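Please keep the sequence and the 3D view at hand while reading.

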Amino acid sequence: MGYDTVVFDLDGTLLNTLQDLADAANFVCRAHGWPEHTLDEYRYFVGNGIPKLCLRFSPEAARDEGTQKEVLAQFSARYAAHKEDTTAPYPGIEEMLDELAAAGVRCGVLTNKEHSLAQGVMEHYFPGRFEFVQGAVPGVPTKPDPTALRRLMERMGADEAHTLFVGDSDVDIHTAHNAGLPGAGVLWGFRTREELEAAGAEAIAASPAELARCILGEVHTGEARG
């Protein structure tokens, strides 16, 4: 059995945004005279929204509310101006989306990236492809809380029994499970197979083509472990 609705994570799943996120974060670090961080460190700093990213790259002494408000504003301004410097879809993503569209699969996006940034990035890289894009908004808890996912599914008219959530981290798999959905992990993103397996991913795909086979029911989710 395939799925007729798929909700994707954004960063690390559809788009490789890591370098632009890291560059904006290190720009803020340099501005304050703080130590910068490596790209691999940022793989684990991202995933829980920009406020949490800012907290993680800041030194302990700068994690008070007042400083973090300033850091968040600096990061957001820098990232908004440079969010498309190196970001690009992962190889094979656009072909996968074409295949899903041809099969009538409805696709949405749920991300912890701030909503207006998420909409801008999606429209830039995937114009017209996604009718349903939901980012972080005030008053709604971010992933892995299932609230935003459930609201998005309601807007999409999604049937829980035929919906799959796809992402690259344990946050995404926990989000799926918290909403009562199966979660598929992808290996081309920011995190590891071990993390996805530990989170209980029902499927793990090594390529977008393999993920498409899983979504379309050509490989059962319980068997698709990459």
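The model is predicted.

**Helix packing**

Two packed helices are described by the angle between their axes and the distance between the axes.

| Helix pair | Angle between axes | Distance between axes |
|---|---|---|
| Helix 1 and helix 4 | about 135° | 9 Å |
| Helix 3 and helix 4 | about 110° | 10 Å |
| Helix 5 and helix 10 | about 20° | 9 Å |

Start with helix 1, residues 18-32, and helix 4, residues 65-82. How are helix 1 and helix 4 set to each other? Their angle is about 135°, and they are therefore oblique to each other. The crossing of helix 1 with helix 4 is right-handed. On the helix 1 side, the contact is made by Asp20, Leu21, Ala24, Ala25, Phe27, Val28 and His32. Helix 4 answers with Glu70, Val71, Gln74, Phe75, Arg78, Tyr79 and His82. By class, the residues of this contact are 8 nonpolar, 3 polar and 3 charged.

Helix 4 also packs with helix 3. Here the angle is about 110°, so helix 3 and helix 4 are roughly perpendicular to each other. The crossing of helix 3 with helix 4 is right-handed. Helix 3 brings Ile50, Pro51, Leu53, Cys54, Leu55 and Phe57 to the contact. From helix 4 come Gln68, Val71, Leu72, Phe75 and Ser76. The contact of helix 3 with helix 4 holds 9 nonpolar and 2 polar residues, and no charged ones. Val71 and Phe75 of helix 4 meet helix 3, and Val71 and Phe75 also take part in the contact with helix 1.

Helix 5 passes helix 10 in a right-handed crossing. Ile93, Met96, Glu99 and Leu100 of helix 5 touch Pro208, Leu211, Ala212 and Ile215 of helix 10. Of the residues in this contact, 7 are nonpolar, none is polar and 1 is charged.

**The largest pocket**

How much space lies in the largest pocket? The volume is about 170 Å³. Its lining is made by Asn48, Gly49, Ile50, Pro51, Leu72, Asn112, Lys113, Glu114, Ala136, Val137, Pro138 and Thr142. Ile50, Pro51 and Leu72 in this lining are also in the contact of helix 3 with helix 4. Helix 3, residues 50-57, and strand 4, residues 106-114, each give the lining at least two residues. Strand 4 supplies the most, with 3 residues. The lining of the largest pocket splits into 6 nonpolar, 4 polar and 2 charged residues.

**The largest cavity**

How many cavities of 30 Å³ or more does the model have? The count is 1. About 220 Å³ of space lies in the largest cavity. It is lined by 19 residues, of which Asp11, Val46, Gly47, Asn48 and Gly49 are the closest to its centre. The elements giving two or more residues to the lining are helix 3 and strand 4. Strand 4 has the largest share, 3 residues. By class, the cavity lining has 5 nonpolar, 6 polar and 8 charged residues. Asn48 and Gly49 line this cavity, and Asn48 and Gly49 line the largest pocket as well.

**A cis peptide bond**

Which residues are joined by a cis peptide bond? They are Lys143 and Pro144, with omega at about 15°. Pro144 sits in the loop between strand 5, residues 132-136, and helix 7, residues 147-156.

Key
Residues are numbered from 1 along each chain as its sequence is written. This is a predicted model: local features need pLDDT of at least 70, side-chain atom pairs count only at pLDDT 80 or more; totals for chains, interfaces and linings use all residues. Side-chain values use heavy atoms; hydrogens and water are left out. Axes are lines fitted to C-alpha atoms, for helices over the stretch in contact, and angles run from 0 to 180 degrees between N-to-C directions. Helices (H or I, at least four residues) and strands (E, at least two) are DSSP runs, numbered from the N terminus. Angles under 35 degrees count as roughly parallel, over 145 as roughly antiparallel, 65 to 115 as roughly perpendicular and the rest as oblique. A crossing is left-handed if the near helix is turned anticlockwise from the far one by less than a right angle, and right-handed if clockwise. Contact means heavy atoms within 4.5 Å. Ala, Val, Leu, Ile, Met, Phe, Trp, Tyr, Cys and Pro count as nonpolar, Asp, Glu, Lys and Arg as charged, and the others, Gly among them, as polar. On a 1 Å grid over the protein atoms alone, a cavity is a set of points where a 1.4 Å probe fits but cannot get out, and a pocket is an open set with protein on both sides within 12 Å along at least five of seven lines; lining residues have an atom within 4 Å of a point. Grid points are joined across faces, edges and corners, and a volume is the space filled by probe spheres set on the points.
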